[in-house]
Amino acid sequence: SRLVQVWLHEALGICLEHELSMGPIVDQRLVSIHNDPQQIKSINDFTDSLVRELNTADGNPDQALMRELLAEGLRRSLDMGGPEPKRRFLEALAVNIHKFPMQEQQSLSRVYPVEISSDYRNLQSFVLDVVPEEERATPSLGNVTSAPSSTEAATPAEAAPPQPPPLTMTPVLTELCRQLTQLPPRPGEAAEELLPNVLHDDVAREVCEADARARSAFFSDVRLNLFKFAESGQRSMVEKFPELRVEVVRLVVSMTREISRWLDEERAVAAQQGDSEALMTKLRALFQAVLSAPFAATFKHLGGTEKKQKEAFLLKIALCIKTCQERYFTDAQDLVDQVAQLRRQFFYVEGYGELMEDWLQNRIRQFNDEEFDQRVTAVLGTSMPSVLARLQRTFRLGRWLQLTDMQLEEDVYALFLDEAFPRHVLTQASIARMLLKISSQGSADFHVYDGIARLAPSRQPAPTGPPPHDAVEAALLQVLQRLPAFPALRRLRSGFYRFGRIEVEFVQRGHDLVSRVAKAGGPVQE
């Protein structure tokens, strides 16, 4: 069954980790799988199911398939399953890699001996390729310099895995691609003369008869050269060829994810107080790609059915611009110019002006105050034990943690959210509300203060000073135990205390402790 196959797939990854950690000690579980024909058959059935998913995937394959393709267990399965299943898998991946967005193609090409599609090599030329640390440590499949595992006899170096057959396109499509490439970079007479040829029924028929790789290569060339035609001609081509619209969407999704990756890197650099020069270099390249004529023409053709992808892109580019301004990256004149162009191109509405800040603020509010709060309420109502178990691994008892902590954000997304909820929009205030909601249900006691939080220690430290002067002071000391350490407060007189340079009066109203701060020449604040 599929469930058993997935279990074996994961078990192989666990065995590999165990084997690597134990050095030359042979993992008997791995040996038993290797020597059992039935289990090898199950492994090959699993890899063949991935081949079928690759061949039938339409548009952008889902993230579950991507996770399986990059899992350590799959690479082990391919090594154990024999050369023929491995060949089928690699050929299917090479033929279908064009279906993935650019950064996913990059990840796959680092792990398997396949090349990213020509369309995304063009986009890659705009965007600096920064390899994540976890991928640098990942061995590539078919690396003949790797030592054999402890369960395998040393054998001669394996021949390079078979590559897919060379891309072949019919003479008509090849000639059209050549003519598209040679068009002037602005709409004009040459493009108008070529347009009927592109829209001719003979071309549509040849496209239908071509294989998937040839169709993808043809439409990626058409999309890359859309900007050379007048808008009416562009629209005619997109309406004529549904696969061209798929290419349009795929490029926008890929650019959205590249911007999202930059936002992730910016957060990591900011957390480590690292050098931002490399970030700014990549930022310039990203903005250049977004402002390029091919991308601008592509984005215009996102219609009502692509509203989700269009809004996702606008959200990420707005967050990117906002981050640049907050980090003062826009002090550089070239970035100032690029940001001004981006604002006008994507957020200017005739008769209303530039609306980026208002639109972004409204979307962030909706995601946090409506969607996130609803999801938290739903999950806490059914899965409180699992929520606490995960948060307790991140919050060490009594230790204060920044609400911007990246592991905490990963926990929140894993517990409450899914891929439909965008990254980088969750606010500290929303995370604080979530922790306080857990506390209000009595399952745990989180202390939250000004951007930091902690899980209450199991025992409060014994007071070291004199006993409370009165009931107000006793209540005040209980409140202070829920806050980070402050310099010792100074009692001026009963109910009045000095915090730094501020004099504060505390009074009790029923079960509440109320503070009053009197400012010279101003009203009392409670």
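This is a predicted model: local features need pLDDT of at least 70, side-chain atom pairs count only at pLDDT 80 or more; totals for chains, interfaces and linings use all residues.

Visitor: What makes up the protein, in helices and strands?
Guide: It has 23 helices and ten strands.

Visitor: How do you know that the length of helix α3 agrees with its residue count?
Guide: Helix α3 covers residues 37-56, which is 20 residues. At 1.5 Å a residue, α3 should span 28 Å. Its end C-alpha atoms are 28 Å apart, so the two values agree.

Visitor: Which residues of α3 are called buried?
Guide: Among them are Ile40, Ile43, Phe46, Leu50 and Leu54. Asn44 and Asp48 are buried as well. Buried means under 20% relative accessible area, so each of these residues falls below that cut-off.

Visitor: How much of the protein counts as buried?
Guide: Of its 526 residues, 43% do.

Visitor: What makes the largest nonpolar core a core?
Guide: A nonpolar core joins buried residues of kinds such as Leu, Ile, Met and Phe through side-chain atoms within 4.5 Å. The largest has 93 residues. Phe313, Leu391, Phe416, Met434 and Ile438 touch the most other members. Helix α20, residues 356-394, gives the largest share, twelve residues. A second, separate core has 20 residues, including Leu50, Leu65, Leu69 and Leu78.

Visitor: Which residues is Ile438 in contact with, leaving aside neighbours within four places in sequence?
Guide: They are Leu380, Met384, Val387, Leu388, Leu391, Ser443, Ala444 and Phe446. Contact means heavy atoms within 4.5 Å, so Ile438 has such a pair with each of them.

How values were computed: Residues are numbered from 1 along each chain as its sequence is written. Side-chain values use heavy atoms; hydrogens and water are left out. Helices (H or I, at least four residues) and strands (E, at least two) are DSSP runs, numbered from the N terminus. The expected span of a helix is 1.5 Å times one less than its number of residues. Buried means under 20% relative accessible area, exposed over 50%, partly exposed in between (1.4 Å probe, protein chains only).
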